[in-house]
Protein chains: 2
Amino acid sequence: MRAHNFSAGPAMLPLAVLERARDELLDWGGSGMSVMEVSHRGKAFVAAAEATQAALRALMGIPEEYAVLFLQGGAMGEFAAIPMNLTAPGDSIDFLLTGDWGVKAAAEAEKYAGVRVVADESADHFVRAPREGSFTVSPDAAYLHYTPNETIRGVEFGYVPDAGPVPLVADMSSTILSRPVDVSRFGVIYAGAQKNMGPSGLVVVVVRRDLLGRARPQTPTVWDFTVQAGADSMVNTPPTFGIYLLGLVLDWITDQGGLLGMAERNRAKADALYGFIDASGFYSNPVDRDARSWMNVPFLLADPSLDATFVARAADAGLTNLAGHRSVGGMRASIYNAMPLEGVRALVDFMAEFERTHG
Amino acid sequence: MRAHNFSAGPAMLPLAVLERARDELLDWGGSGMSVMEVSHRGKAFVAAAEATQAALRALMGIPEEYAVLFLQGGAMGEFAAIPMNLTAPGDSIDFLLTGDWGVKAAAEAEKYAGVRVVADESADHFVRAPREGSFTVSPDAAYLHYTPNETIRGVEFGYVPDAGPVPLVADMSSTILSRPVDVSRFGVIYAGAQKNMGPSGLVVVVVRRDLLGRARPQTPTVWDFTVQAGADSMVNTPPTFGIYLLGLVLDWITDQGGLLGMAERNRAKADALYGFIDASGFYSNPVDRDARSWMNVPFLLADPSLDATFVARAADAGLTNLAGHRSVGGMRASIYNAMPLEGVRALVDFMAEFERTHG
């Protein structure tokens with residue numbers, strides 16, 4: 001039986017995607033070969049990669065003046081690659097810090113450039129996004145970096161920050177494709193695939209073309225946005241299976257009504273879970289209501305000594321990977337695109353029953 | 001019907017591996033989840049990654065004083081990562097150039113360090129390895145880099161170069177696991193997975209621990225060998241599906257008699273194909289006999305105007321991906337570990353018939 005899998009990433013994939021991948025794993029498109037076994041430069045795979053890119057552009061409304069790159073190294077690799085590509089030594093980068101991943105991105109960026117923190121929500125243990133307009137972007141910043149959704153503590157921006165003429169760079173790993181977004185507001189969008197897009201090992205970078213051509217001389221070729229944009233991300237062998245699976249995921253999202261359909265579905269899931277938590281005296285979520293993540297819902301039990309029992313009983317009930325991140329404890333339900341409303345309902349039912357028997 | 005797939009990479013995988021991956025793609029180990037859907041930090045996946053590393057250590061005889069890393073970015077990423085990890089600015093690296101990949105590795109290394117070419121077989125279009133003892137390694141070199149098997153022109157070293165006290169660094173992408181190798185001779189062995197190990201998107205790095213601790217301050221964290229060695233390659237999310245598949249491939253190799261079994265099988269395949277080519281007046285291979293690759297067998301037709309017909313007829317006969325690399329033309333049959341002897345026999349039969357009807 002398939003579990004209701006609340007893993008924060010690598011995370012649940014749509015069942016229809018996995019079934020299709022299984023069914024054609026030994027014979028892709030009648031080729032007699034697995035998609036993993038064909039040359040990335042062969043006609044069939046090049047067409048598949050192009051179709052994947054076209055589907056991503058269509059779903060997100062990515063304008064022509066943006067390049068779409070399929071790279072390796074994860075979002076954490078981009079923490080280094082983006083300063084290498086977008087700054088010169090001596091430049092400075094502005095950061096909004098609303099959680100652990102933004103802090104890590106800033107620490108890595110400091111290897112390459114100055115870092116100015118223009119908003120920092122750490123004093124209250126990251127329970128909110130800065131109020132819109134409450135921070136000032138430095139006019140000379142190479143870019144403004146933020147994390148629209150912080151996976152660990154479940155803090156999501158309800159707005160796109162205004163960076164004025166400064167390029168806006170967003171780590172969308174745990175929110176990409178969960179709702180519509182105005183790509184034209186951004187200089188760079190990047191996201192590890194293993195939450196809403198596919199398996200780990202693929203990172204998608206959407207970069208405005210006027211930001212190309214600035215890579216430092218010591219930027220590794222495979223991470224040079226300009227080189228990869230000129231080579232359709234094939235300066236070396238890309239993670240072909242990940243690109244293929246992303247294509248299947250994008251087809252599935254399109255079938256579900258695109259990003260508007262996803263947004264409706266995700267809002268309903270989040271409302272059901274936060275609604276239950278707020279109505280309960282046993283469970284709690286510390287995040288400000290207007291910054292609550294649609295994707296990652298951390299919650300605490302009134303009695304933390306029951307945490308291990310909760311996780312174990314949930315697993316017995318087919319609800320897996322509910323333990324919170326090792327750095328914060330408690331619980332966390334990640335309810336990415338692939339999680340159906342029934343999964344959230346099953347979780348809510350279990351939580352109610354657990355409260356009744358243990359609360 | 002499964003094809004006989006002679007792709008140079010991504011390449012053929014063992015049928016038993018693909019079948020197992022297919023059978024458990026929706027439910028890995030009774031978890032109710034795909035291996036792609038579980039946390040890399042969960043017990044089940046950590047155990048799988050450890051088992052994969054243990055199997056690689058056992059098969060290759062990797063001593064304890066070497067770290068085994070599962071990274072991203074491909075061998076081309078390592079062209080940059082290795083100088084970043086092993087050299088300081090001003091250092092110099094010695095290179096043996098026996099083909100196109102070595103040339104690319106040297107060009108990338110020049111971004112970070114001096115490059116001295118101590119053997120260069122380009123004058124004769126890369127048809128041989130330098131004679132053993134015919135080159136002098138600089139005593140002050142940070143390391144000596146070579147490519148034991150050059151995928152494009154099919155040149156393979158029949159010996160391990162003596163670098164004296166200088167660390168020896170080898171790009172084994174297209175030869176790793178094809179035969180036994182004395183790991184203790186090397187400072188670093190690295191290999192992209194997509195030829196003899198699994199899908200693209202995973203690169204394996206075997207590094208002697210005394211070479212750790214030297215990374216430049218600007219080395220990206222995900223590529224810092226020391227950091228990754230201390231984090232079991234999980235400083236960020238690794239390519240989990242690739243690590244899982246590598247584990248299945250290693251089990252399969254073990255079942256085939258380990259690297260001695262592989263060597264026997266690979267020698268028989270190479271003998272069959274080169275033997276046929278040499279006996280033919282229609283096909284030819286330009287590489288010196290003692291440097292002929294067991295893995296990549298380029299060959300030319302006496303009449304190059306027949307190349308396209310050869311490739312098309314071969315594909316009709318279920319023999320796929322036989323066109324040579326776009327940079328050199330002609331034909332190339334890549335006969336990695338997963339290619340059975342029957343596949344080579346089918347190719348030889350086809351080649352004989354093609355010569356009879358077109359020669």
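Which residues is Ala105(A) in contact with, leaving aside its neighbours within four places in sequence? I looked this up in a predicted model, where local features need pLDDT of at least 70, side-chain atom pairs count only at pLDDT 80 or more, and totals for chains, interfaces and linings use all residues. Residues are numbered from 1 along each chain as its sequence is written, chains are lettered from A in the order in which they are written, and side-chain values use heavy atoms, with hydrogens and water left out.

**Entry on Ala105(A).** I found Ala105(A) in contact (heavy atoms within 4.5 Å) with Phe79(A), Phe95(A) and His145(A). Ala105(A) sits in helix H4 of chain A, helices being DSSP runs of at least four residues and strands runs of at least two, numbered from the N terminus. I noted that Ala105(A) counts as buried because its relative accessible area is 3%; buried means under 20%, exposed over 50% and partly exposed in between, with a 1.4 Å probe and protein chains only.

**Entry on the annotated residues.** I read in the unreviewed UniProt entry that the annotation "binding site" covers Trp101(A), Thr151(A), Asp171(A), Gln194(A), Asn236(A) and Thr237(A), bearing in mind that such annotations may be inferred rather than shown by experiment. These residues are spread over 137 residues of sequence and also in space, with up to 30.5 Å between C-alpha atoms.

Not counting residues up to four places away in sequence, Trp101(A) touches several residues, among them Phe79(A) and Thr151(A).

Thr151(A) is in the loop between strand E6 (149-150) and strand E7 (155-156) of chain A, and I noted that Thr151(A) counts as buried because its relative accessibility is 6%. The side chain of Thr151(A) makes a polar contact with the side chain of Ser174(A) at 2.9 Å, a polar contact being a pair of N or O atoms within 3.5 Å, of which, within protein, one must be able to donate a hydrogen and the other to accept it, while residues adjacent in sequence count only if both atoms are side-chain atoms.

**Entry on a sheet.** I traced an open sheet of 3 strands in chain A, in the order E11-E12-E14 with antiparallel pairing, where two strands pair if DSSP finds at least two bridges between them. Strand E12 (residues 296-301) of chain A is joined to E14(A) by 4 bridges, and I found Ala333(A) in E14(A) as the bridge partner of Val297(A).
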